[in-house]
Amino acid sequence: MLAPLSWLREYVDIDVSVRELEEKLFGAGFEVEEVIEVGKDVSGVVVGLVKSVTPVPDTHISVCTVDCGDKGTFQICCGADNVRPGGKYPAALVGATVIKTARDHITPEGVMTISKGKIRGIESEGMLCSGVELGLNDDLCPGAEYFGLLVLPEDAVPGEDVKPLLGLDDFIFDIALTANRPDCQSIVGMAREVAAVLKKPFKMPDLSYAETGKTIDFDVTVDAPDLCPRYIAHYVSDVTIAPSPAWMRRYLALVGVRSISNIVDITNFVLKEFGQPMHAFDLDFLEGNKIRVRRAEPGEKIITLDEKEFALTPDNLVICDGKKPVALAGVMGGLNSEIRDTTTEVVFECAKFARDNIRRTARALGQPTDSSQRYEKGVDEYATVNGVKRALHLVEQLGCGKVSSLHIERAAGPDPAPRPLTVSISKMNALLGITVPSDEILRHLAALDFAPEIEGDTLRLSVPPWREDIDDHVSDIAEEVIRSYGYEHITPRFLETARVTAGGRADEQTALLRLKNALVSQGFFETVFYSFFSPADLDTLRLPDDAPERKAIRIKNPISEDLSLMRTTLLPSMLNAIVRNLRRGNPAGRLFEIGARFLADELPITDYPEERKTLSFGVFGEGETFFTAKSALAAIEEAFGLNFRCEADTLPFLHPGMTAAIFLGEEKIGVMGALAHDVAADLSIDKPVFLGQIDYKALESHLFGTMKYRPLSRFADERRDLALVMDESVRCADIEDAVRSSCKYVRSVDLFDVYRDEKRVGAGKKSLAFSVLFSPEDQEFAPGEVDKYVDKIVRKLEYTMGITRR
Amino acid sequence: MNEKIAQIRAEIEQKITTMKSSSALYEFRKTFLDNREGKITGLMKGMKDLSPEERPAFGKVVNELKSWAISRFEAADAAVREAELAKKNESERIDVTMPAEKRPVGALHPITIVTQELIDIFAGMGFDVYEGSQIENDYYNFTALNTPKDHPARDMQDTFYLTDEFLLRTQTSAGQIHVMENRRPPIKILSPGSVFRSDDDATHSPMFTQMEGLVVDKGISVCDLQGMLDTFARRVFGEGVGTRLRPSYFPFTEPSVEVDVSCFACGGKGCKLCKGTGWIEVLGAGMVNRHVLENCGIDPDVYTGFAFGMGVERIAMLKYGINNIKALFEGDMRFEKQFVR
């Protein structure tokens with residue numbers, strides 16, 4: 001929201017500095033994002049009275065003697081054709097800054113500082129300026145776009161700074177407004193707030209007008225009062241289309257609106273001043289002297305002012321004459337009823353349209369306008385009622401037409417009026433936690449036009465009609481009072497009245513953190529990836545069409561196709577991160593993520609889908625193997641005293657000989673493996689990559705086991721190393737199981753060596769060496785007892801699995 | 001005889017200094033003191049050839065020689081061992097400035113680090129943790145939070161919709177409703193989690209992490225809100241950091257405030273981090289809107305409460321000086337390794 005200081009000053013006497021006003025607005029909830037100084041690039045330019053003009057022969061240059069009052073008299077060279085003795089022009093003296101223009105003298109090219117110089121050998125002590133060189137245009141200052149010097153008024157005093165004279169000392173506040181204050185999306189609304197923070201009176205713009213024009217037969221019907229709660233039409237005759245006066249063009253230019261013509265400018269002026277969008281129809285184009293507000297017919301078409309054609313639906317509201325649509329309500333007028341230079345009769349439209357409908361129409365048609373954006377934020381009917389009056393006053397003021405008495409107002413509800421409200425002061429203070437003095441309550445609420453009265457604990461108010469955000473509860477008033485009185489009056493306190501509660505993490509949250517820390521201790525780094533991924537990610541994994549991962553929930557309005565599906569597996573995100581790392585020259589790493597897989601029973605979803613907490617891990621880089629990657633499992637086993645079992649498995653994207661299904665007990669809870677060669681080749685990966693995914697939800701219930709202490713045995717453990725020779729096909733885990741089940745004293749079986757040698761071990765054979773720990777129970781092992789157990793184990797291995805001792 | 005003794009002494013004196021190792025010295029010693037073959041032992045053995053009168057004097061002289069030799073060899077042995085140890089130590093000398101051999105250690109993600117730090121702070125104040133779901137329905141994400149149907153915040157521009165009813169939650173505030181529907185005051189919960197907005201630029205990520213706090217009990221006021229946030233600011237950003245409340249608007253709180261913390265980099269004097277203002281915006285908060293309490297069946301005339309919500313990434317970025325929010329979601333090892341602790 002742009003609010004020029006000069007425009008605000010029309011309605012409130014501002015006697016504080018720009019900085020101070022900015023701070024006061026900030027304190028009241030209006031963050032000034034930027035203060036734009038209109039003439040920030042211009043300095044040191046004064047009024048210069050040209051005393052004499054001496055043309056330099058054979059050039060377009062003249063040497064001028066310029067009287068700059070108390071600044072002195074200077075010799076300045078000038079090439080403009082409109083310099084004449086006795087004229088007053090902006091004179092940029094040495095050290096001044098002005099807008100630099102390109103060779104065409106029109107296109108701005110940054111800022112330049114004036115220095116003493118010579119033009120064609122003639123000394124020049126400054127520069128006489130054009131409007132463009134001062135950053136002006138015709139709207140900001142009439143004549144500014146003339147290709148020559150900017151002519152200053154005759155009463156300008158030589159030597160005085162030109163900035164106040166040309167409005168270059170003005171400031172524009174760019175204010176961020178919260179969604180609850182649409183009434184402040186206007187100069188009048190902001191001026192009210194400025195008046196409140198400064199405790200100054202607010203001067204309402206003049207709304208008076210005399211009904212001097214002729215009247216005609218005209219009718220308005222509103223078929224959709226739900227979408228148009230108030231529609232006002234007012235007829236103006238004897239219109240003369242002409243340019244607007246300088247002051248109006250200037251204000252519009254300061255807030256970024258280009259001047260068109262008086263009637264159109266008046267509607268834009270009211271839009272900015274009152275926050276009320278208006279439209280002016282040329283009566284000539286309104287067939288049947290009638291306006292009808294209705295939903296569009298299916299397929300009905302309209303061409304808007306910007307010459308775009310739209311096909312409409314009953315979701316769009318249109319303004320029609322007796323026959324056809326003439327405007328897309330609240331968005332833009334129709335090309336067929338546009339104000340022309342020859343327009344002589346005008347019907348002003350001033351209406352409130354439902355903001356949701358306008359928003360949907362503007363979005364659906366891709367046609368946001370100043371008007372639609374204003375409606376989307378919310379227009380109050382107080383502005384609707386007054387906006388039209390203001391427009392009629394301006395018609396009178398500009399003398400561009402005769403206001404008639406033909407005023408048709410169709411309203412679904414009562415006219416906007418102040419609403420009575422009573423609140424308890426003690427409740428308000430209780431919510432704030434402080435006691436706001438009564439005189440402060442009165443002072444601040446009076447400044448905000450709430451007409452407060454206090455009687456005991458009762459605060460009687462009259463809510464201004466433009467404050468549609470006030471919900472008529474004590475908290476609304478508490479908010480108004482504290483933002484005005486100041487949050488610095490709040491005294492921080494620490495829950496003196498609240499009851500003690502036992503806080504802390506739930507078991508699940510503690511377990512999750514422990515799991516993360518266990519992985520971190522194995523050199524894994526935690527990552528966080530987006531919850532959505534790309535359909536192409538599933539193709540990368542070569543997942544078949546009927547894979548459960550393909551049953552992903554789709555986002556209706558994704559940022560892009562790449563982020564359009566809710567994840568059904570975490571592995572693509574992990575793989576993408578690994579690819580990204582390798583491309584960026586990060587050669588190795590171990591990563592993990594704990595995130596949700598979104599599992600839908602049916603698509604589209606009709607209930608909350610399951611968000612299944614899942615662990616994924618990725619290990620990449622030279623030296624990493626399936627077994628270094630498997631340390632992720634070991635970390636979890638150690639941290640929680642679990643035993644996972646791996647069985648060979650296959651998956652489309654993993655190496656067929658290096659893929660394991662991970663079991664906990666009899667339940668398959670995950671998979672891990674090496675990235676398949678063909679997938680790696682597709683992704684141009686030339687380093688080992690291992691991926692794994694574990695269903696955390698299935699794991700979770702096993703993570704709560706409390707630690708249990710086993711009393712220390714008085715008897716010493718004994719350890720034996722077993723080097724065993726077997727066929728290649730024999731699996732390590734099977735031997736471990738067999739060893740364990742052969743003797744009840746075996747506490748642990750740890751593989752420590754794998755050896756292959758055709759001569760010593762044999763072809764197609766391997767030697768695995770295990771360290772086996774025997775723990776006695778209630779008495780010491782007798783000499784030779786453990787060796788007997790070893791012999792028994794070896795015999796059993798030999799008998800059942802054909803394994804021999806080496 | 002004395003001549004022989006002098007000769008042995010001379011031989012020992014002469015050669016003992018040439019022995020460079022304890023093993024050589026040991027061998028040399030054996031040639032004199034070995035029980036069977038030692039030269040000094042040999043002298044003792046020759047005593048039987050002497051007359052009884054000569055024996056005591058001879059025995060005395062030989063014993064003197066023997067004890068002199070033993071002490072002489074022991075001294076020499078100590079010297080040699082010392083030299084040997086010094087040599088061994090010297091040979092084992094290392095460059096202590098060389099880097100340590102490290103066990104590979106990973107790191108938690110900064111979002112986790114900050115989330116857990118916040119949980120620790122608020123758990124100590126009696127908050128427990130509620131984690132809602134990422135997919136929410138319209139009612140919990142908006143309607144119950146007093147966000148009317150035509151509110152701009154509900155616009156398709158901001159919210160990711162899955163169906164007309166289900167969406168990706170835009171705020172962890174949705175969790176407030178689930179908690180308040182199922183619990184009665186006193187309520188003190190913290191609700192961390194991923195939220196989603198259809199924003200994707202240098203400072204916005206379509207997914208980010210919020211931490212929502214909610215307190216509902218009798219007599220809760222704005223003063224309590226600021227008191228708690230002051231504690232939070234001190235614990236997260238350091239002693240001496242305070243908060244400033246300024247008016248704002250959220251549909252589900254009233255009054256609503258933006259909360260700034262005094263700049264911990266410059267102490268409030270104004271610097272690049274705080275853009276010269278001395279304050280840094282960190283969170284939004286307010287008193288729970290009475291309609292929200294009513295929607296959850298809590299009597300707003302009996303109970304009041306406050307809620308606050310902050311962006312975990314923002315806190316992490318401020319704390320660690322991370323300049324690009326996207327870096328948090330890329331898993332780049334160069335990023336990851338900076339959070340080892």
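Trainee: Which residues of helix 15 of chain A are buried?
Mentor: This is a predicted model, by the way. In helix 15 of chain A, the buried ones are Leu571(A), Pro572(A), Ser573(A), Met574(A), Leu575(A), Ala577(A), Ile578(A), Val579(A) and Asn581(A).

Trainee: What span should the 13 residues of that helix have?
Mentor: Helix 15 covers residues 571-583 of chain A. At 1.5 Å a residue, the helix should span 18 Å. Its end C-alpha atoms are 18 Å apart, so the two agree.

Trainee: And what follows helix 15 of chain A?
Mentor: Gly585(A) follows it, with a positive phi near 85°.

Trainee: New topic. Where is Ala80(A)?
Mentor: Ala80(A) sits in a loop of chain A, between strand 5 (73-78) and strand 6 (88-101).

Trainee: Buried or exposed?
Mentor: Ala80(A) has 17% relative accessibility. Buried means under 20%, so Ala80(A) counts as buried.

Trainee: What does Ala80(A) touch?
Mentor: Leaving out residues up to four places away in sequence, Ala80(A) touches Gly148(A) and Leu149(A).

Trainee: Now the two chains. How many residues does each put into the contact?
Mentor: Chain A gives 88 residues and chain B gives 96 residues. Together they bury about 7,500 Å². Of that area, 57% is on carbon and sulfur atoms.

Trainee: Which residues of chain A lose the most area to chain B?
Mentor: Tyr487(A), Phe525(A) and Tyr608(A). Together they make up 9% of what that side buries.

Trainee: What about the second largest cavity?
Mentor: That one has about 70 Å³ of space. Helix 9 of chain A gives the largest share of the lining, three residues. Asp380(A), Tyr382(A) and Trp466(A) are among the lining residues.

Trainee: Last one. What is the volume of the second largest pocket?
Mentor: About 1,700 Å³. It has 39 lining residues, and Phe627(A), Lys630(A), Cys732(A), Ala733(A) and Glu736(A) are the closest to its centre.

Trainee: Which strand supplies the largest share of that pocket's lining?
Mentor: Strand 36 of chain A, with six residues. The lining of this second largest pocket divides into 18 nonpolar, seven polar and 14 charged residues.

Methods:
Residues are numbered from 1 along each chain as its sequence is written. Chains are lettered from A and ligands numbered from 1 in the order in which they are written. This is a predicted model: local features need pLDDT of at least 70, side-chain atom pairs count only at pLDDT 80 or more; totals for chains, interfaces and linings use all residues. Side-chain values use heavy atoms; hydrogens and water are left out. Helices (H or I, at least four residues) and strands (E, at least two) are DSSP runs, numbered from the N terminus. The expected span of a helix is 1.5 Å times one less than its number of residues. Buried means under 20% relative accessible area, exposed over 50%, partly exposed in between (1.4 Å probe, protein chains only). On a 1 Å grid over the protein atoms alone, a cavity is a set of points where a 1.4 Å probe fits but cannot get out, and a pocket is an open set with protein on both sides within 12 Å along at least five of seven lines; lining residues have an atom within 4 Å of a point. Grid points are joined across faces, edges and corners, and a volume is the space filled by probe spheres set on the points. Ala, Val, Leu, Ile, Met, Phe, Trp, Tyr, Cys and Pro count as nonpolar, Asp, Glu, Lys and Arg as charged, and the others, Gly among them, as polar. Contact means heavy atoms within 4.5 Å. Buried area is the accessible area (1.4 Å probe) that two parts lose on being put together, summed over both.
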